[in-house]
Amino acid sequence: MKKIGILGSTGSIGKNTLKIIESNPDKFELIYITAKTQVELLIEQAKKFKPKYVVIADEDKYPLLKSKLKQLNIKVMSSYNSIIEIAGLKEVDIAVNAIVGSKGMQPSVSACKNGIDIALSNKESLVMAGDYLYSLADKSETKIFPVDSEHSAVWQCLQGEKSENIRKIILTGSGGPFLNRNIDTFKNISVKDALDHPNWLMGKKITIDSATMMNKGLEIIEAHYLFKMPQSKIEVVIHPQSIIHSMVEFNDNSVKAQLGLPDMKLPIQYALSYPERYVANWESLDLVKLKELTFFSPDTEKFPSLKLALDALKSGETYPVVLNVANEQAVYLFIENKIKFTDIPKIVEKMLNRHKPIKNAGIDTILDVENEVSNYVNSMI
Ligand code: MG
């Protein structure tokens with residue numbers, strides 16, 4: 001039995017992880033679940049799965065959580081610090097980090113310090129603290145398994161391969177809902193338009209990131225750290241059907257691809273079952289029904305976020321922290337209707353331009369940069 005903890009069990013990845021645990025009761029034991037504010041759903045999940053620990057970040061929700069679970073033998077905790085603490089709980093084999101945004105970084109740090117393997121959905125952890133996290137992970141022999149569908153695909157393609165034979169990683173992206181929209185109308189894009197993703201059903205933050213294509217930019221940085229690949233060996237190809245989840249080209253011109261229907265349960269389950277493969281209880285791929293798979297180059301004029309992410313990775317140091325935090329704050333301002341869709345990359349670019357980079361950043365420096373950028377972006381509005 002693998003002992004699993006879920007950081008962020010009430011979001012889309014968290015709920016899918018619970019479905020996988022439910023379908024494989026002989027393989028997984030759930031040790032803890034955590035949530036930010038969704039207390040009602042957390043209570044429901046706790047009653048159904050009976051984990052040993054339940055944590056809610058929002059301390060105002062603690063009394064309700066505690067009273068609803070008092071008949072059960074569950075330890076109930078509250079605060080963001082308790083989430084960071086439980087991420088390092090040694091009795092867990094794999095912590096699924098499904099927290100949204102930069103708040104996921106410190107729990108990843110905590111898991112890495114304590115040698116708890118991570119099934120990582122929170123790409124922001126690597127974007128903000130890739131070097132630092134791997135310095136901890138290497139010391140504690142912690143493994144970081146990708147949950148992001150593209151990175152899971154690359155990981156699957158790399159099984160049995162030597163890294164010196166890799167020519168490049170080809171990350172695919174659907175192009176999001178505005179792939180074919182005229183650039184002149186981008187300033188009129190509403191929150192509702194941007195939340196309407198053609199293929200994937202996901203949380204709000206990542207759906208907006210997919211619409212701006214910043215998600216693909218963050219994924220380039222994520223791939224750089226996960227697979228120890230220089231930026232020059234990572235390419236992006238637009239593939240609107242989201243069937244090929246990514247590819248790897250080798251030095252003999254062979255290209256391996258991983259295919260499947262767009263369903264996050266597969267990459268989540270693979271991260272938990274690795275090196276085994278467990279039987280799926282979801283729909284399989286019918287290529288004849290699909291008929292065609294198409295590919296295009298990304299348009300960085302329409303989607304400047306992609307180029308901003310590449311530039312941040314090239315510049316290195318604390319630039320990716322700024323990229324991530326400025327983007328996250330801008331996305332929330334857009335969701336609150338305080339800025340336009342086209343302002344998101346403008347804010348990110350402005351913050352990157354005014355940043356004074358810091359070398360070899362540890363956690364304190366990263367958190368300082370996060371605070372500074374977050375405050376500055378919000379003070380602009
Ligand atoms: Mg992805």
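Where is Asn24 found, between which helix and which strand?

1. Asn24 is in the loop that joins helix 1 (12-23) to strand 2 (28-35); helices (H or I, at least four residues) and strands (E, at least two) are DSSP runs, numbered from the N terminus. A word on the basis: this is a predicted model, where local features need pLDDT of at least 70, side-chain atom pairs count only at pLDDT 80 or more, and totals for chains, interfaces and linings use all residues. Residues are numbered from 1 along each chain as its sequence is written, and side-chain values use heavy atoms, leaving out hydrogens and water.

2. With 5% relative accessibility, Asn24 counts as buried (under 20% relative accessible area; exposed is over 50%, partly exposed in between; 1.4 Å probe, protein chains only). Beyond its neighbours within four places in sequence, Asn24 is in contact with Gln269 and Tyr278 (heavy atoms within 4.5 Å).

3. Tyr278 also features in one of the eleven aromatic pairs (ring centres of Phe, Tyr and Trp, the last by its six-membered ring, within 6.5 Å; planes under 30 degrees apart are stacked, over 60 edge-to-face, the rest tilted). Its partner is Phe28, with centres 5.7 Å apart and planes at 55 degrees, so the pair is tilted. Phe28 sits in strand 2 and Tyr278 in the loop between helix 11 (265-273) and helix 12 (287-290), 250 residues apart. Phe28 is buried at 3% relative accessibility, and Tyr278 is buried at 18%.

4. Do look at Trp155 and Tyr270 too: their ring centres are 4.9 Å apart and their planes at 70 degrees, so this pair is edge-to-face. Both Trp155 and Tyr270 are buried.
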